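User: Please take a close look at one helix pair in this model. Then place that pair in the wider fold.

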Amino acid sequence: MLRLGCCLPPLSKFLTTRLAVNQVTLLTQDIEDIFSAKKKAVFVDLTAAYDTVWHGGFTCKLLRLLLDRHTVHMIMEMVGNRSFTLTTGNDKRSRLRRLNNGVPQGSVLAPLLFNICISDLPITVSRKYAYADDLAIMQADADWQAVEGVLSKGMATIGEYLQTWKLKLNTTKTVSAAFHLNNKEAKRELKVNLNNETLPFCSEPKYLGATLDRSLTYRRHLESLRKKLASCVALLRRLAGSAWGDGATTLFCLSLIAFTSLYQREVRKLLREVPPTKPDGSILNPTQGRLCMNYCISCRLKWCDFPLC
């Protein structure tokens, strides 16, 4: 796996050379390599992982990795200098509040910053698979009780680590699973304990969008993909070809309706988020704003480039 500099342990992240499909392939390949050993795994789910990052602990981890305190200060200014307001349906807005935890979710640096937060995951006997906030631990052994003990111990270690750094473990979505080819034990459930409670067992867990089953046939995953693509395929079959399907006029009308609907939705969204203003600072009325928006989108200009503002 990729390394962040030379200080972090191997952690996958959102990069062109380390995609989610690579992480799923790594996990499933390891399962297939030792199918006879009956691998068991626990898929850990964190509650609002990016929004619950503790800024104090994150600063300490940055200071361990970076020698330049000015760089750490700049990163913490970017992470900590954030606020929000709540707007209701009747246009009532709450007062401005400051965010005391979390990293800016959706930003380019968010996965990298979160990887720094969990870069010191404790060592466990079971192998760990980490991709941003998706974590899985796996152990291979033919003895069910031995595996349950190892995974329970590993989950206790990880749970203590998450509690120390104020990350919340979602015990309802954290599930255990077993992967093997023994049909006689197909209905046997894995019992992994955490905080004196047994984690839910899932025969078909989902990891990074891929639905896995006991023998890795991907049957349920492919079936869900088929249902999602059925409507699209039906539409393509009706529209495809020049000798069958709808004519050019119908195709043009359908594409025009789709484009107009999408265009109007984006215009309304942008008008709500960033109202266009005149040079004197006054906000344009809705009609002027819509004309301004139409011009800017068609020409791909910024507000300041609009000639009539």
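Analyst: Start with helix α2 (residues 55-65) and helix α3 (residues 69-80): their axes come within 10 Å and cross at roughly 155°. Axes here are lines fitted to C-alpha atoms, for helices over the stretch in contact, and angles run from 0 to 180 degrees between N-to-C directions. Helices (H or I, at least four residues) and strands (E, at least two) are DSSP runs, numbered from the N terminus.

This is a predicted model: local features need pLDDT of at least 70, side-chain atom pairs count only at pLDDT 80 or more, and totals for chains, interfaces and linings use all residues. Residues are numbered from 1 along each chain as its sequence is written, and side-chain values use heavy atoms, with hydrogens and water left out.

Back to the pair. α2 and α3 are roughly antiparallel to each other; that label applies to angles over 145 degrees, while under 35 is roughly parallel, 65 to 115 roughly perpendicular and the rest oblique. The crossing of α2 past α3 is right-handed, meaning the near helix is turned clockwise from the far one by less than a right angle.

Which residues meet? From α2 come His55, Phe58, Thr59, Leu62 and Leu63; from α3 come Arg69, Val72, Ile75, Met76, Val79 and Gly80. Contact means heavy atoms within 4.5 Å. The residues of this contact divide into seven nonpolar, three polar and one charged. Ala, Val, Leu, Ile, Met, Phe, Trp, Tyr, Cys and Pro count as nonpolar, Asp, Glu, Lys and Arg as charged, and the others, Gly among them, as polar.

Now the wider fold. The protein has eight helices and ten strands. Among contacts between residues at least 6 apart in sequence, 63% join residues at least 24 apart.

Strand β4 (residues 127-131) and strand β5 (residues 134-140) run antiparallel, joined by five bridges; pairing requires at least two DSSP bridges. Tyrosine 131 stands opposite aspartate 134, and tyrosine 129 opposite alanine 136. The two strands form a hairpin with two residues between them, and alanine 132 in the turn has a positive phi of about 55°. Five of the seven residues of β5 are buried, so β5 is largely enclosed by the rest of the structure.

Finally, histidine 221 lies in helix α6 (residues 219-239). Histidine 221 is buried, at 17% relative accessible area. Leaving aside residues up to four places away in sequence, histidine 221 touches Gly209, Ala210 and Thr211.

Key: Buried means under 20% relative accessible area, exposed over 50%, partly exposed in between (1.4 Å probe, protein chains only).
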